[in-house]
Amino acid sequence: MMNGKTVIVTGANSGIGKATAAGIVKLQGRVIMACRDLSRAEEAAREIRQETGANSSQLVVRQMDLASLTSVHTFCQDIIKEEPRLDVLINNAGIYQCPYTKTEDGFEMQFGVNHLGPFLLTHLLLDLLKQSAPSRIVVVSSKLYKHAHINFEDLNSEQNYDKAFAYSRSKLANLLFTCELAHRLEGSGVSVNALTPGIVRTNLGRHVHIPVLAKPLFNLLSWGLFKSPEEGAHTSVYLACSSDVDGVQGKCFADCKHQVLLDKATDQEVARKLWDISEVMVGITT
């Protein structure tokens, strides 16, 4: 049970994030839904309250846009001011295979929203997490990381942009971030672990073009082969609350089981270099 624990879930207005929020509320945890679109988040919160019987204090909606470093800073300032503790941060929000666009700060959208935004968010909330120890950080990645590599010469995809590769690269960055953060958190009482949820029926693929005539077949197959959001959220909830992972650090899970990653996802030299460059990109001075 999560009685007395406060959990932030990013992208909690739909899909895995919404199911994760509902799962934690059912365990008596208190959830802060950090979402870009407030109206959609409020609607999702109403649905979760109806489903779980939660009250307004157990499920709180806050605005945050990971495509804006200013928005991330504002959100964290408010959390630090208002919240006496933070037990779990779940970096769930993401964008998938969108056309080439840039964030407010000029970063390629998928790299900005899927990696740099959560990188800054975690950094700004780390002191509160340490004060609340034992506490946890959960990072939602994807098995598609296998199809990517980190090209430090073109992190912003200005020389070449392939939307599928850019997504996979951002998910590889999530795993490298988890790897390096785990080293930095040793002995702090804060653990960080990642997960790959599998193929889930969500609106994440809204930018993927499916021919009109193929959509009925695709929809039928997705119901038969893809996980439901609730099934996709199982590992997120497990990493947030299970005593099975007490003290576990820097690992990746799928279906609530430890997964062995490819070497490129745990390369300490690459992870450290990506960390250093990410700090510069988001304006962290140490």
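This briefing covers the aromatic ring pairs of the structure and the surroundings of one serine. The model is predicted, and the count of aromatic pairs in it comes to six.

**Tyr-100 and Tyr-161**
- The ring centres of Tyr-100 and Tyr-161 are 4.9 Å apart and the ring planes stand at 70°, so the pair is edge-to-face, given that planes over 60 degrees apart are classed in this way.
- Tyr-100 lies in the loop between strand S4 (88-91) and helix H4 (109-131), while Tyr-161 lies in the loop between strand S5 (135-140) and helix H5 (163-184), so the pair ties together parts that are 61 residues apart in sequence.
- Tyr-100 is partly exposed, with a relative accessible area of 33%, and Tyr-161 is likewise partly exposed, with a value of 23%.

**Phe-177 and Trp-275**
- The rings of Phe-177 and Trp-275 have centres 5.7 Å apart and planes at 15°, so this pair is stacked, the class for planes under 30 degrees apart.

**Ser-68**
- Ser-68, which is located in the loop between strand S3 (59-63) and helix H3 (69-82), has a relative accessibility of 5% and therefore counts as buried, the limit being under 20%.
- The side chain of Ser-68 makes a polar contact with the side chain of Glu-104 at 3.0 Å.
- Leaving aside residues up to four places away in sequence, Ser-68 touches Glu-104 and Asp-105.

Note on methods
Residues numbered from 1 in each chain as written. Predicted model: local features only at pLDDT ≥ 70, side-chain atom pairs only at ≥ 80, totals over all residues. Heavy atoms only, no water. Phe/Tyr/Trp six-rings, centres within 6.5 Å; stacked < 30°, edge-to-face > 60°. Helix = DSSP H or I, 4+ residues; strand = E, 2+ residues; numbered from the N terminus. Buried < 20%, exposed > 50% of the residue type's maximum accessible area, 1.4 Å probe, protein only. Polar contact = N/O pair within 3.5 Å; in protein donor to acceptor, adjacent residues only side chain to side chain. Contact = heavy atoms within 4.5 Å.
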